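Have the structure open while you read.

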Amino acid sequence: MRFRYLTWALTAALAAPAILIGCATAPSDAEVAAKATAVLKASFMEQGQAKLDRLVQDDTQKTCSEYAGKAPPKDIAERIEKANLAAIKWPADGKLVGDWKNGERIAQEGRGMQYSDDPKGPVGANCYACHRLAPQEVSYGTIGPSLYQFGKVRGYTDDMRKYAYGKVYNAEAYSACSNMPRFGHKGILSEQQVKDVVALLMDPDSPVNK
Amino acid sequence: MRFIRRGALPGAALVLALVAPAALGQGSTVDEIAKYRAALQDGNPAELWEARGEDLWKQKRGPKNAALERCDLGLGAGVVKGAYAQLPKYFADADRVMDLETRIVWCMVTLQGYTEADAKKGPFGGPDRKSDMEAYVAYVTSESRGIKMNVALRHPKEEEAYRLGEKMFYFRGGTHDFACATCHGEDAKRIRLQDLPNLTQTAGAQKAYTTWPAYRVSQGELRTFQWRLNDCFRQQRFPELVFASEASIALTTFLAKNANGAAFDAPAIKR
């Protein structure tokens, strides 16, 4: 026992300066984050349509990165949601619902914006990668919630159509640091394409609502 | 189908052939894919890359007409057995952290006399061109099969690489706001029918990291971990990750360390 105690004491005595040195030299979290960003920028090359500006973060991307996959505190979340909500461009013609058949094509289309993709398109939203939608499609992912019977369950109301449009256009306006891309805000989909995806969710004739 | 991209068609067709008759619902589809994956385990063409890699490793090559056999992969010059299971690590001669591919480039330059640019050429093979790097990696990693992952983080630069890699894992960017964590930060998620490992948890990181490199049936190629990262970033809509770049080494350090304790089990075979 005494021997073990001595070993502990020696270990502690030897470790103490090492810990102190460690504390003195270990960079802060913010310093590591800043360096990580700089190293990332130096480690990529532009390829096809994917230029290096894709590594320049906007406030939402930067802030959400800081929370490392966890939900941000309430005040931060509200700031992000408010700024993104204000940035939504609502259709000038006031119409929010397009053609669900086009919406289904957009929801199936996985191509678009990768450097290996044709810059001339097509560009889809690949909704099925993360969501269940029409029940006929069994190959759906689970990162997002099931959207089967989206309109039928929630009601075909003006408020719900507006919410669906806003959510597809800019998901960060309703759920800060959501995993969902901001399809309208970032120019992935055109206004008409957003409307068509809204139709897939909100048209009573859409297979999603059957 | 549409979601499976670039050169993935033969594998996709096989999956569909199995899925179509059994398309009774999600559960049975997933079961059928699991059966397909199990069937793949019977015979792995990665052995061809391993054999070619071992042969090349022992050949005298390059301007200095030297073999890579004297390359120090971290356990001393010439020791290949078990080397991959403790990479990435800090190398005093280079004064930086290196993953396997970066270290092989280093040895090609210092031992064989290649320029760094030449050593980094063609890291990923295609239909008309085999990659020597993929063969080297297949051979070296096969010599760690069954050995427990043990990435130590003893040196401050190893610790730094880990912390940088962790930050990069959560870095959101690009047109789609994607980070690595978008797809690999939660348990039991899928993209379409593809299961996604949660790389922030020990079990997920162990299962994923210890099964790369892998022979990809859909591509007919053996793919390295550098390729895995490169292709993830393509799908993230980022620009192209530079081969053997500092970010690639930092991310590899983060993921390899998270896999510590699990027996390395590659080159594997994947759809």
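Start with the interface: 46 residues of chain A are in contact with 44 residues of chain B. Keep in mind that this is a predicted model.

**Where chain A touches chain B**

- On the chain A side, the elements that each put in two or more residues are α2 (29-42), β1 (44-45) and α3 (59-66).
- Helix α2(A) gives the largest share of that side, with seven residues.
- Sorted by class, the chain A side comes out as 23 nonpolar, 16 polar and seven charged residues.

**Domains**

- Chain A is assigned a domain 1 covering 2-64 and a domain 2 covering 100-209.
- Each of these gives six residues to the contact between the two domains of chain A.
- On the domain 1 side of that contact in chain A, you'll find two nonpolar and four polar residues, with no charged ones.
- For chain B, the assignment puts domain 1 at 9-40 and domain 2 at 46-270.
- Going by C-alpha atoms, the centres of domain 1 and domain 2 of chain B are 29 Å apart.

**Helices α7 and α8 of chain A**

- Helix α7 (residues 158-169) and helix α8 (residues 191-202) of chain A cross at roughly 130°, and their axes come within 9 Å.
- Since roughly perpendicular stops at 115 degrees and roughly antiparallel needs over 145, α7(A) is therefore oblique to α8(A).
- The crossing of α7(A) past α8(A) is right-handed.
- From α7(A), the contact uses A:M160, A:R161, A:A164, A:Y165, A:V168 and A:Y169.
- Facing them from α8(A) are A:V194, A:V197, A:V198, A:L201 and A:M202.
- The class count for the contact of α7(A) with α8(A) is 10 nonpolar, one charged and no polar residues.

**Helices α4 and α6 of chain B**

- In chain B, α4 (residues 100-110) packs with α6 (residues 132-142) at an angle of about 115°, and the axes are 11 Å apart.
- That angle means α4(B) and α6(B) count as roughly perpendicular to each other.
- Helix α4(B) makes a right-handed crossing as it passes α6(B).
- B:L100, B:E101 and B:I104 in α4(B) are the residues that meet B:M133, B:Y136, B:V137 and B:V140 in α6(B).
- By class, the contact of α4(B) with α6(B) has six nonpolar residues, one charged and no polar.

**A sheet in chain B**

- Three strands of chain B make an open sheet in the order β6-β5-β8, with mixed pairing.
- Its edges are β6 (221-223) and β8 (268-270) of chain B, each of which pairs on one side only.
- From one strand to the next, the twist averages 35°.
- Strand β5 of chain B (residues 214-216) runs antiparallel to β6(B), and three bridges join the two.
- To find your place in that pairing, look for B:R216, which stands opposite B:E221 in β6(B).

Key:
Residues are numbered from 1 along each chain as its sequence is written. Chains are lettered from A and ligands numbered from 1 in the order in which they are written. This is a predicted model: local features need pLDDT of at least 70, side-chain atom pairs count only at pLDDT 80 or more; totals for chains, interfaces and linings use all residues. Two residues are in contact if their C-beta atoms, placed from the backbone, lie within 7 Å. Helices (H or I, at least four residues) and strands (E, at least two) are DSSP runs, numbered from the N terminus. Ala, Val, Leu, Ile, Met, Phe, Trp, Tyr, Cys and Pro count as nonpolar, Asp, Glu, Lys and Arg as charged, and the others, Gly among them, as polar. Domain bounds come from an automatic or database domain assignment. Axes are lines fitted to C-alpha atoms, for helices over the stretch in contact, and angles run from 0 to 180 degrees between N-to-C directions. Angles under 35 degrees count as roughly parallel, over 145 as roughly antiparallel, 65 to 115 as roughly perpendicular and the rest as oblique. A crossing is left-handed if the near helix is turned anticlockwise from the far one by less than a right angle, and right-handed if clockwise. Two strands pair if DSSP finds at least two bridges between them.
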